[in-house]
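This report describes selected features of a protein chain, residue by residue and element by element. Please consult the sequence and the structure shown below while reading.

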Amino acid sequence: RGMVRRLKADQKELNLKPKIRRIHQVTLRRPQEYAFAEKEFRKWILKRKSARKAQKTLRAEALVKVGYLLRLSAKLKMRKIGHWIDDFLKDPKLKLIVFSYITPLLVALERRYGGMTVRIDGSVTGRHRAAAVHRFQTVPSCRIALCNGKAAGVALTLTAAWHVLGTDLPWNPAILLQAEDRAHRFGQKNQVIITYLIGKGTMDE
């Protein structure tokens, strides 16, 4: 048995234009708070770098601490994220997909922008997930799809938007590509523009 995989690059009938990626470096609201947390993490690493026992436990704990730094960066970028979205919404014809891997950030944006949003994360499944996609695709007043990168990064068509905003980054670049392609897929008539907001001096970089 075999399988033939059709690559998007080979499917000329899709007539998709190349994606455009933009990197915007933003300054954190309280950079000293992040700097202190990163300093503590570095001290933790230096104390344990010579330890050879229980390496799996140490790696797991290190990932937890790294995750905290990524979440802290997102929290301290929240004001800049809001300003970027506010500016984007000035064009009433445009829709936006926001990808984050931090659910509290999506919840905060949902509170801020209310009825003009749908949120698709791990808690939204089945017909509710399909209804959220349908609303975003068909209702003009639904301007923002707030998506968890893991839960909504595959098997969704969100071609009503051709702008994608990444507020934070996962480890695996393949996950980013999958998330971008929710807009860059069959039915997309515009050139997809992806913007990543990178916290200056943080692990985002």
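## Asn-148 in strand E4

Asn-148 has a relative accessible area of 11% and is therefore buried. The model in which this value was computed is a predicted one. Asn-148 belongs to strand E4, which covers residues 144-148.

Leaving aside residues up to four places away in sequence, Asn-148 is in contact with Phe-99, Ser-100, Tyr-101, Thr-103, Leu-106, Ile-120, Asp-121 and Gly-153. One of these partners, Thr-103, falls within helix H4, which comprises residues 103-113.

## Overall architecture

The protein chain contains 6 helices and 6 strands. Read from the N terminus, the order of these elements is β-α-α-α-β-α-β-α-β-β-α-β.

The chain has 205 residues, of which 43% count as buried. When contacts between residues at least 6 apart in sequence are considered, 80% of them link residues at least 24 apart.

## Packing of helices H3 and H4

Two packed helices are described by the angle between their axes and the distance between the axes. For helix H3 (residues 78-88) and helix H4 (residues 103-113), the angle is about 45° and the axes lie 12 Å apart. H3 is therefore oblique to H4. The crossing of the two helices, H3 and H4, is right-handed.

Which residues of H3 meet which residues of H4? On the H3 side the contact is formed by Met-78, Ile-81, Gly-82, His-83, Ile-85 and Asp-86, and on the H4 side by Leu-105, Ala-108, Leu-109, Arg-112 and Tyr-113. Sorted by class, this contact between H3 and H4 comprises 7 nonpolar, 2 polar and 2 charged residues.

## Aromatic pairs

How many aromatic pairs does a search of the whole structure find? The search returns 2 such pairs. In one, the ring centres of Phe-41 and Trp-44 are 6.3 Å apart and the ring planes stand at 15°, so this pair is stacked. Phe-41 and Trp-44 are both located in helix H1 (residues 31-48), where a spacing of 3 residues corresponds to about one turn of the helix. Phe-41 and Trp-44 are both buried.

Trp-84 and Phe-88 form a pair with ring centres 5.7 Å apart and planes at 10°, and the pair is therefore stacked. Because Trp-84 and Phe-88 are 4 residues apart in helix H3, about one helical turn separates them. Trp-84 and Phe-88 are both buried.

His-163 is part of strand E5, which spans residues 163-166. Is His-163 buried or exposed? Its relative accessibility is 12%, so His-163 counts as buried. His-163 and His-184 are 21 residues apart along the chain, and their C-alpha atoms are separated by 9.7 Å.

Gly-199 is situated in strand E6, made up of residues 193-199. With a relative accessibility of 0%, Gly-199 counts as buried. Although Gly-199 and Val-26 are 173 residues apart along the chain, their C-alpha atoms are separated by 5.1 Å. Val-26 is also one of the residues that Gly-199 touches; the others, with residues up to four places away in sequence not counted, are Leu-28, Ser-73, Lys-77, Asp-204 and Glu-205.

Arg-129 lies in helix H5, which extends over residues 126-138. Apart from residues up to four places away in sequence, Arg-129 contacts Ile-120, Val-124, Ala-151, Ala-152, Val-154 and Leu-156. Ile-120, listed here, is also among the residues that Asn-148 touches. Between Arg-129 and Ala-152 the separation is 23 residues in sequence and 9.3 Å in space, taken from C-alpha to C-alpha.

Ala-155 is found in the loop that connects E4 and E5. Its phi is positive, at about 60°, although Ala-155 is not a glycine. The relative accessibility of Ala-155 is 70%, so this residue counts as exposed.

Terms used. Residues are numbered from 1 along each chain as its sequence is written. This is a predicted model: local features need pLDDT of at least 70, side-chain atom pairs count only at pLDDT 80 or more; totals for chains, interfaces and linings use all residues. Side-chain values use heavy atoms; hydrogens and water are left out. Axes are lines fitted to C-alpha atoms, for helices over the stretch in contact, and angles run from 0 to 180 degrees between N-to-C directions. Angles under 35 degrees count as roughly parallel, over 145 as roughly antiparallel, 65 to 115 as roughly perpendicular and the rest as oblique. A crossing is left-handed if the near helix is turned anticlockwise from the far one by less than a right angle, and right-handed if clockwise. Contact means heavy atoms within 4.5 Å. Ala, Val, Leu, Ile, Met, Phe, Trp, Tyr, Cys and Pro count as nonpolar, Asp, Glu, Lys and Arg as charged, and the others, Gly among them, as polar. Rings of Phe, Tyr and Trp (its six-membered ring) pair if their centres lie within 6.5 Å; planes under 30 degrees apart count as stacked, over 60 as edge-to-face and the rest as tilted. Buried means under 20% relative accessible area, exposed over 50%, partly exposed in between (1.4 Å probe, protein chains only).
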